[in-house]
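This report goes through selected local features of one protein model. Please keep the sequence and the 3D view open while reading.

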Amino acid sequence: MADMEALKQESRIFNPSAELASQAAISGMDAYRALCDEAERDYEGFWGRLARENLSWQQPFTQVLDESDAPFYKWFGDGKLNVSYNCLDRNLENGNADKTAVIFEADGGEVTRLTYRELHGRVCQFANGLKSLGIRKGDRVVIYMPMSIEGVVAMQACARIGATHSVVFGGFSAKSLQERIIDAGAVAVITADEQVRGGKQLPLKAIVDDAFALGGCEAVRNVVVYQRTKGKIGWTEGRDLWMHELVAQQQDSCEPEWVESEHPLFILYTSGSTGTPKGVQHSSAGYLLWAALTMKWTFDIKPQDVFWCTADIGWVTGHSYITYGPLAVGATEIIFEGVPTFPNAGRFWDMIARHKVSIFYTAPTAIRSLIKAADADPAVHPDRYDLSSLRLLGSVGEPINPEAWMWYYKNVGHEKCPIVDTFWQTETGGHMITPLPGATPMVPGSCTLPLPGIMAAIVDETGQDLPNGQGGILVVKRPWPSMIRTIWNDPARFRKSYFPEELGGKTYLAGDGAIRNKDNGYFTITGRIDDVLNVSGHRMGTMEIESALVAHPLVAEAAVVGKPDETTGESICAFVVLKRPRPVGDEAKQIAKELRDWVGKEIGPIAKPKELRFGDNLPKTRSGKIMRRLLRVLAKGEEITQDVSTLENPAILDQLKHAI
Ligand code: PRX
């Protein structure tokens with residue numbers, strides 16, 4: 001976890017190399033400022049120009065931004081296009097047909113390459129297969145897949161026929177999957193028999209079957225199964241189909257379905273501070289514009305680059321920087337099935353060397369765990385590998401602490417690769433605040449400055465601008481093309497969560513705190529201001545975990561807080577009151593294990609509390625409100641210095657001090 005005080009005072013500056021800068025898409029700070037000025041001067045003209053230059057339209061738009069129904073903004077409203085056409089056909093037309101589109105590396109090391117022509121054929125065949133099942137424009141399709149070419153094909157095929165996909169990360173439980181299938185109103189689920197990670201085979205289809213057994217998934221007509229392992233699985237005749245059989249008879253061309261700019265390309269569920277996960281709805285045109293443009297601006301993508309984003313397609317990073325962005329700009333990219341520590345913790349470095357990766361984009365948690373591994377075993381230190389192909393590094397998902405930044409910069413980038421520390425969110429569709437590799441002087445731990453056209457600012461609770469040097473709430477003052485359009489099925493919650501009345505109803509509330517440096521205006525993200533945790537770059541609501549805990553028959557009450565963690569950024573600490581006397585010793589250990597497994601089943605293994613503490617009660621105010629602020633202090637193992645006189649039961653604090 002980044003030490004906030006250290007971060008705010010960090011003053012080391014690293015300039016982009018002159019060589020990289022001279023050839024970059026945005027070369028030098030003057031070029032950056034010129035673009036910012038263009039956006040300031042003529043906001044719609046700026047975005048209109050970029051949308052015309054970067055996307056292929058079947059029907060050109062005449063209106064850039066429609067604010068009449070704010071905050072339900074519409075971009076390029078009367079234009080039509082197809083996202084899959086922009087990612088695939090366009091590359092066949094502009095000379096990239098025989099260029100490698102994807103290099104897939106399986107967990108066990110087998111490598112598969114596909115050209116743009118081959119990928120186009122695969123997507124068309126699967127799109128035709130989906131059509132043969134009666135799936136049409138506007139239908140929702142849930143994708144519960146391993147990292148695979150087939151996962152990307154499934155997403156692109158949905159885009160091709162105008163079906164709206166909702167990818168559910170393969171680590172989520174049957175219950176989480178069922179809730180998403182129901183909320184999205186899916187008519188089909190695409191999955192695999194099993195997934196392979198770190199040498200282990202893990203079920204996927206069986207979890208889909210469990211999700212169905214929980215009930216409520218009756219709208220789903222078909223389950224399409226990609227055969228990954230040939231492991232034994234259950235089969236429901238009439239509903240289940242093999243992906244390879246479905247596509248076997250299909251043509252490898254498929255006329256794209258031209259959709260309106262605002263047509264929902266996907267729904268992706270993410271956690272908020274209250275209630276169940278929210279279905280973040282994204283558009284087609286605005287979303288794709290930003291995925292493509294940030295590939296050029298932030299990653300400075302060039303035709304000869306080999307781009308590798310290590311995220312999973314189950315998260316937004318995988319959507320924007322695996323499935324859509326790289327293909328929209330005709331790049332060659334790596335898709336990796338496995339984990340960074342298998343067969344050993346040198347896997348990333350080995351893959352960079354073998355595939356001559358030039359742009360590498362990963363999460364701080366991965367870097368921190370690989371630092372530890374390299375410290376413990378010199379054989380997996382990046383020094384041992386030829387990383388000379390690298391020219392640019394990226395970081396995403398959580399704050400990167402300056403020590404990890406420096407290690408990454410020195411040992412992986414050999415002090416010649418800029419690091420783009422990209423701040424963004426599921427809701428923003430693409431990067432928001434990030435250094436530009438050929439322009440922005442970098443400061444470890446700071447995401448530096450907003451991209452041109454992104455009107456990020458720091459305000460107080462009433463929406464007043466705060467001066468540099470004063471921490472506050474991160475907002476975006478004007479709509480931008482790739483922003484969230486609504487929460488699926490819940491427009492009122494969309495308004496309340498992101499455009500609260502207190503801020504005037506038109507300012508986007510990111511949910512993060514931030515501070516700008518007094519001298520250069522650089523942004524540093526200080527962490528979430530709501531009850532959202534970030535564990536290994538995975539976003540989780542404390543409320544969801546609490547609900548899962550209290551659903552267990554033994555649990556009377558639970559409160560969950562985040563605790564700083566050296567490797568995972570934050571870890572989950574749960575304070576639990578049972579319906580029976582407070583357990584101690586072995587009994588406490590055994591119940592803690594049972595509760596952790598329970599949360600794993602209710603939500604998914606990523607939500608399991610690392611630590612559980614039992615009490616006779618929780619610290620509450622006289623009106624019965626749980627004092628989470630105090631629990632956070634206890635979780636950290638610090639002494640409580642705050643005034644506790646308003647507490648109903650101050651004695652309880654002592655009991656909750658120690659982990660079991
Ligand atoms: O708190 C911020 C943190 O991750 C949150 C968004 O999570 P999610 O929607 O899952 O998207 C992750 C991938 C973009 C943000 O609200 N976050 C993301 N990137 C950074 C970050 N915090 C600090 N620095 C970053 N570069």
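## Terms and source

Two residues are in contact, or touch, when heavy atoms of theirs lie within 4.5 Å. The model is a predicted one, in which local features need pLDDT of at least 70 and side-chain atom pairs count only at pLDDT 80 or more, while totals for chains, interfaces and linings use all residues. Residues are numbered from 1 along each chain as its sequence is written, and side-chain values use heavy atoms, with hydrogens and water left out.

Helices (H or I, at least four residues) and strands (E, at least two) are DSSP runs, numbered from the N terminus. A residue is called buried under 20% relative accessible area, exposed over 50%, and partly exposed in between (1.4 Å probe, protein chains only). A polar contact is a pair of N or O atoms within 3.5 Å; within protein, one must be able to donate a hydrogen and the other to accept it, and residues adjacent in sequence count only if both atoms are side-chain atoms.

## Helix α5 and Asn 91

Helix α5 covers residues 83–93 and is mostly covered, with nine of its eleven residues buried. Among the buried residues are Val 83, Tyr 85, Leu 88 and Arg 90. The buried residues of α5 pack against α4 (43–54), β3, α6 (116–132), α7 (149–161), α11 (285–297) and α12 (316–328). After α5 comes Gly 95, with a positive phi near 90°.

Which residues does Asn 91 touch, not counting residues up to four places away in sequence? They are Asn 96, Ala 97, Tyr 116, Leu 327 and Gly 330. Asn 91 is part of helix α5 and counts as buried, because its relative accessibility is 3%. The side chain of Asn 91 reaches two backbone oxygens: that of Cys 87 at 2.8 Å and that of Leu 327 at 2.9 Å.

An α-helix has 3.6 residues a turn, so residues three or four places apart point the same way.

## Helices α17 and α18

The axes of helix α17 (residues 542–550) and helix α18 (residues 585–602) come within 9 Å and cross at roughly 115°. Here axes are lines fitted to C-alpha atoms, for helices over the stretch in contact, and angles run from 0 to 180 degrees between N-to-C directions. From α17, Ile 545, Ala 548 and Leu 549 meet Leu 595, Trp 598, Val 599 and Glu 602 of α18. The residues of this contact between α17 and α18 divide into six nonpolar, no polar and one charged. In this count Ala, Val, Leu, Ile, Met, Phe, Trp, Tyr, Cys and Pro are nonpolar, Asp, Glu, Lys and Arg are charged, and the others, Gly among them, are polar.

His 552 is in the loop between α17 and β28 (555–565). Is His 552 buried or exposed? His 552 is buried, because its relative accessible area is 4%. Not counting residues up to four places away in sequence, His 552 touches Glu 594, Leu 595 and Trp 598. The side chains of His 552 and Glu 594 make a polar contact at 3.1 Å.

## Cis bonds and positive phi

A cis peptide bond joins Ala 70 and Pro 71, with omega about 5°. Pro 71 is in the loop between β1 (65–66) and β2 (74–75). The peptide bond from Phe 342 to Pro 343 is also cis, with omega near 0°, and Pro 343 is in the loop between β17 (332–336) and α13 (347–355).

Phe 76 has a positive phi near 55° although it is not a glycine. Phe 76 is in the loop between β2 and β3 (80–81) and is buried, at 0% relative accessible area. Lys 356, likewise not a glycine, has a positive phi near 50°. The loop of Lys 356 runs between α13 and β18 (359–362), and Lys 356 is exposed, because its relative accessible area is 54%.
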